[in-house]
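Subject: Structure handover

Hi there,

Here is the structure I promised to pass on. Have a look at it first, and then read on for what turned up around the ligand.

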Amino acid sequence: MALERTLSIVKPDAVAAGHVGDIIKMFEFNHLRIIAAKLVKLSKQEAEGFYAVHRHRPFFQSLTAFMSSGPALVMVLEGDGAISLLREIMGATDPAKAAPGTIRRLYATSIERNAVHGSDAPETAAAEIAYFFPAIDLI
Ligand code: CMP
């Protein structure tokens, strides 16, 4: 499988609940290496920019208010097939539908406050990584 990079965000709900260490442990256990990381407190505008693809969805205002409500840990992860691997470890968007043992099943409290984000395809991974990290910050 190809070596890939993907963007992960430990969202404000999971940071506030103290799940950062457990989530990073799951990444590393599954051979996803952290090659860049920073704790950010997004402005509403920055959250809207990141989720611009969802701007016409009914949950857009609520989602971007939540994502700008507190610190979030943004990371670039690298590994074999990292994009699909991360999505597998995260589980389904809706925690009620997420498989047992996945991050969202363990730590999400609703479809919106779902603990983590992961890029869904190579093109979105490249765009999302560039949204947060200049190339010079990637190891
Ligand atoms: P994420 O993987 O970050 O991508 C888009 C986010 O929108 C998603 O996780 C959820 O946080 C949120 N989301 C998706 N669907 C819904 C929904 N039906 N209601 C509220 N929030 C949603």
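Which atom of the ligand does a polar side-chain atom of N114 lie 3.2 Å from? It is an oxygen atom. Please keep in mind that this is a predicted model.

An N or O atom in the side chain of Y51 is 2.5 Å from an oxygen atom of the ligand, and I111 has a polar backbone atom 3.5 Å from a ligand oxygen. On its own the ligand has 450 Å² of accessible area, and the protein covers 80% of that.

Now for the space itself. The ligand takes up the largest pocket, whose volume is about 630 Å³. Its lining is made of 26 residues, and those nearest the centre are Y51, V53, H54, H117 and D120. Of the lining residues, 11 are nonpolar, eight are polar and seven are charged.

Where does the lining come from? At least two residues each are supplied by α3 (44-50), α5 (82-90), β4 (116-118) and α7 (122-132). The largest share belongs to α7, with four residues.

Enjoy exploring, and best wishes

Key
Residues are numbered from 1 along each chain as its sequence is written. This is a predicted model: local features need pLDDT of at least 70, side-chain atom pairs count only at pLDDT 80 or more; totals for chains, interfaces and linings use all residues. Side-chain values use heavy atoms; hydrogens and water are left out. A polar contact is a pair of N or O atoms within 3.5 Å; within protein, one must be able to donate a hydrogen and the other to accept it, and residues adjacent in sequence count only if both atoms are side-chain atoms. Accessible areas come from the Shrake-Rupley method with a 1.4 Å probe; for residues, only the protein chains shown count as cover. On a 1 Å grid over the protein atoms alone, a cavity is a set of points where a 1.4 Å probe fits but cannot get out, and a pocket is an open set with protein on both sides within 12 Å along at least five of seven lines; lining residues have an atom within 4 Å of a point. A molecule sits in a cavity or pocket if more than half of its atoms lie within 2 Å of its grid points. Grid points are joined across faces, edges and corners, and a volume is the space filled by probe spheres set on the points. Ala, Val, Leu, Ile, Met, Phe, Trp, Tyr, Cys and Pro count as nonpolar, Asp, Glu, Lys and Arg as charged, and the others, Gly among them, as polar.
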